[in-house]
Amino acid sequence: MATLQTAARRHRGIGAALAASVALALGAASEAVETPQVWHPLATFDSADGLPQNNVLALAFDADGRLLAGTRFGMARYDGVGWQAITIGADQPPSVGALAAGSDGHLWIGTGGSGLHRLIGRDTAATPVSGIPPQDTVFALQPLADGRVYVGTRQGLHRCRIESCEPVADTDGLVIRSLWLDPGPDPVLWVGTENGLRRIDDPEGPEPRLGPVRLGRADGIPNDIIIALRRWPLPNGPLWIGSGRGPARYDGERIRRWSTESGIPTTMVMAFATAREASGDEVLVAALRPGGLLAFAEDGRWRQIGTRDGLPDASVQSLVRDPARGTLWIGTQGGGLARTEPGRWVVFDERHGLPDRNAIALGFAATRDGGRRMWVGTTAGAAEWREGRFVELLPFSHRDRRVSAVLDLADGRRWVSTERGILLLRPDGAVAAELTVDNAGLPAVWNDSLVLRVLPDGEEEIWIGSGHGLARWRERDGLALVAGPEPEAARAQVRAIAIERTDHGDVVWVVQGDHLSAHGPDRIERRDECLGGETANDLAVGAGAVWLATDREIVRIEADRCEPIALPQPNLRISHLAVHDATLYAASQRGIWVVPLDRPQQAVLHTLADGLPALELTPGATLAVDPAGRVYAGTKNGVAMLEPVVPRPRDPPPRLDLAAFTGPDDEAIEPNAELPARAADASFRFRLLDLWQEHRIRYRTRLVGLEPQPGPWSTRTEIAFPRLPPGTYRFEVEAKDGAGGIHGPASFAFSVRAPWWQRPLAVGFAALALVAAGAAVGRWRARLLERRAAALEAEVAARTGELAEANRRLAEAAVTDPLTGLHNRRHYAEIESAEAERIRRRVLDGDRDLALLVAIVDVDHFKAINDRHGHAVGDAALVEIAARLRATVRGSDLAFRWGGEEFVVLARDLRRGEAQATLGRLLAGLSGPLTMATDEPVPLTVSIGASLFPPDPDCDRETDLEQAIRRADAALYRAKATGRDRAVLAMRSPADDADDWYQAIPRPPRSPSGPADAP
């Protein structure tokens, strides 16, 4: 479970916006709307996610699509779920500064001070390669097509096979920092040294030799130390050179350099990689230490990307491009890893010029040249986007005003609604007048909405929505209040207002109080039936319809029809709406739904894991879409932007990895294996090796021979089946990637052998023996048949009873864990639906404070107990935990052994306010030393993750315990990540994934000799 939660956590780092609106920016042409542009959003990973260390020196992909990261203290492999450490040598993990995948599937590993190693397939331990002194440092690797590899070290150049290495003539004493192979009929190996650029001729031949070419600082390269090499564009583009003082480019005749005169800082260029921009153009990316990244176009234009733009560290040391997804992985010196991730939200805040990160409104204002420009209102003033940065929107005298709406008229005048009234600005930006409640009769001090309606004669009309009614302004008439749909509702709150452009003129749609009305040029139409008796929160116009958000649904309004649209979850409590083309964006308390209008059931909920800085939007006009389809959302933590992209199809399709294990030591099972009856436990681990939006990957499994149909889609990546009865089985798993593509099924066949007394031969032999004995006894005692008939009948009845009892014990054994005597996971599956329905029914019947507490208990450091004291002590610890569970839980509660060192407790009919005390009692009752007769006391503590079902009294989001188990699993991960020996209660869905939604339970005091008394 910990690895699953690591996979969920890895996306918590918010990829900030990489601003590209600079004078030398690459990419798309100017648009009618000037809004913040981005190079790429970023997802981040660090040592808290399982990376060995945050100083990432080298990156590479293996043949199966896993990422390998070399760090200052060892290396690890990432499969989309978690990081797996790779062992190199027997001592402390060395620094890993070079990685390369060979053509034969081997991975070559260059270390600092431990020589050269290789890794085969799924192995977790690397093998040393002879021929390079172990104390040598490997800086560079260049594989060849025949499986060999060139190795650049501090002491020269070597060419290596799997078995051994041999030095290349004339390179002894050269410090080799980088390598690049130009293949073809006449291949050339370029060698970057600490004394300039050199060349190896005939690198694939029997006797490679150092050529006469030697280029260095005197020839135009910024520095003689050549750290990185890359030819781009392939195959015949120039050779790009990363030196100790900046980049250069060599076209075979001339060298062009970039340095401080070009605006680039004097810095080391550590690596090159190609990347594709959001515009689709390919660029060459250079890693700088320090300085972040440089993105080059083919013509030499560049832009710099740094920490202000979202990189976790200003010093970048390694780059690699995912060959399947095209994303770029970025290794930094102290901030771990970053990855470009199309389809992820990026964030703008004070770093980009906003007065404050708490955004209360946003939209698009007119510019003098006829375009439009994005503006944002914050709690400390408003700003608009100009030339790559937010600048103040209002004159200095009014700079701190809170702006809720901006509206531009055709003559260049601007209306700005603030917390003190409405400012009227001249075309030059100066304040011409200020309208207030006192001097103009505004309906309220703070007026939330300003919309413009153009009348058939071309006259402009401004509609003003506020908390105390609706007003309208015309040049000839001035300001006047607009009567509501009902006379008594004239001063009711205007909850939402929107303009619909029609062939017959503009229609103003207004939600005021409990009424919905459409104000046309010549009449007002009531549409209260579309509300369905619910409270409306927002209106949006687009895709040929008017869209209405209520607390329970989204309604599409067309002509005289009001049609709710079906989303994957009911009762969404939508607060904001925006529409662009055929996509609806709906903000809720759980995140932002992206709804394709032609298939709304495939809507996707975007949460913190997708880069949102907060789950809820701030009240007001804080959701908008620009003409290019970019979505902007205002939150308490900044303005988030999403640039919708069509995900690049993965080529080739990702591998669905499946492995099977049995026994307490997780012994691997081979396909079609036959398990003995005494070891009829099987567990399966599966991974979709797709390193893109991993948090959206879902799995669906089925054990054919035991389960009639596949289970629901879930994030679980392993599953166990204890005490399987004899039979033939096939485990199947399907995976759904982040874009919704289905992969698999992958399958694994195996069987469980019957006990010897249940095998056909034994049963047949026993039957024959019984028949023979019966015949002999019959002949011998024929004369006694009548006398014995009654006795025989009684004996048969007794045997029948014994058989029934044996069957009952067998059925009980099938749902009982043999070690602890607790019910097992199979029994949980049998009662899960009934328990969920029972508690939901009681809550719906009126007992709204009632809930089922779902708690997952995990024994801390259980592997260490097994390793130090032996498996017998480990089994004794599990038995002791089970005994403590029985003594701690109430008589009505249910306890299960979930698998391994995990247990599940269902505390039934619990008052929601009793959850903390119940978890405290569990924590105190289960933790305490385990005393063995022949050993010292063994420390024994547990970590507990828990959640409530249903999560809220409305019972409108979940119908089974699957989500409750997932929330408890997330809470368990948090308990372990924060130090173990504690309990954490999940207050909301794990997709929320914010600290605010988890409650740590204080650990009750206990004596050093054993568990504390239950509170």
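Buried here means under 20% relative accessible area, exposed means over 50%, and partly exposed is in between (1.4 Å probe, protein chains only). By that cut-off Glu734 is buried, at a relative accessible area of 19%. Keep in mind that this is a predicted model: local features need pLDDT of at least 70 and side-chain atom pairs count only at pLDDT 80 or more, while totals for chains, interfaces and linings use all residues. Residues are numbered from 1 along each chain as its sequence is written, and side-chain values use heavy atoms, with hydrogens and water left out.

**Salt bridges**

- Searching the whole structure turns up 72 salt bridges, each one a side-chain nitrogen of Lys or Arg within 4 Å of a carboxyl oxygen of Asp or Glu.
- Glu734 has its own: its side chain meets that of Arg700 at 2.8 Å, N to O.
- That pair links distant parts of the chain, with Arg700 in strand β62 (residues 698–704) and Glu734 in strand β64 (residues 727–736), 34 residues apart; helices (H or I, at least four residues) and strands (E, at least two) are DSSP runs, numbered from the N terminus.
- Arg700 is partly exposed, with a relative accessible area of 26%.
- Another salt bridge joins the side chains of Glu434 and Arg401 (3.1 Å, N to O).
- Glu434 lies in strand β38 (residues 431–435) and Arg401 in the loop between β34 (389–392) and β35, so this pair ties together parts 33 residues apart in sequence.
- Glu434 is partly exposed at 26% relative accessible area, whereas Arg401 counts as buried at 7%.
- There's also a network of salt bridges linking Arg453, Glu459, Glu461, Arg472, Arg474, Arg476 and Asp477.

**Aromatic rings**

- The whole structure holds 25 aromatic pairs: rings of Phe, Tyr and Trp (its six-membered ring) pair if their centres lie within 6.5 Å, and planes under 30 degrees apart count as stacked, over 60 as edge-to-face and the rest as tilted.
- Phe45 and Trp329 are a tilted pair, because their planes sit at 35°, with ring centres 5.2 Å apart.
- This pair also spans distant parts of the chain: Phe45 is in strand β2 (residues 42–45) and Trp329 in strand β28 (residues 328–332), 284 residues apart.
- Phe45 is buried at 1% relative accessible area, and Trp329 is buried at 0%.
- Trp385 and Phe390 go edge-to-face, at 4.8 Å centre to centre and 80° between the planes.
- A cluster of ring pairs takes in Phe684, Phe686, Tyr699, Phe721, Tyr729, Phe731, Phe748 and Phe750.
- The charged end of Arg685 sits over the ring of Phe661, 4.2 Å from its centre; the test is NZ of Lys or CZ of Arg within 6 Å of the ring centre and within 35 degrees of the ring normal.

**Around Asp610**

- Asp610 is in the loop between β54 (604–606) and β55 (623–625), and at 2% relative accessibility Asp610 counts as buried.
- The side chain of Asp610 makes a polar contact of 2.7 Å with the side chain of His695, and one of 2.7 Å with that of Arg696. A polar contact is a pair of N or O atoms within 3.5 Å; within protein, one must be able to donate a hydrogen and the other to accept it, and residues adjacent in sequence count only if both atoms are side-chain atoms.
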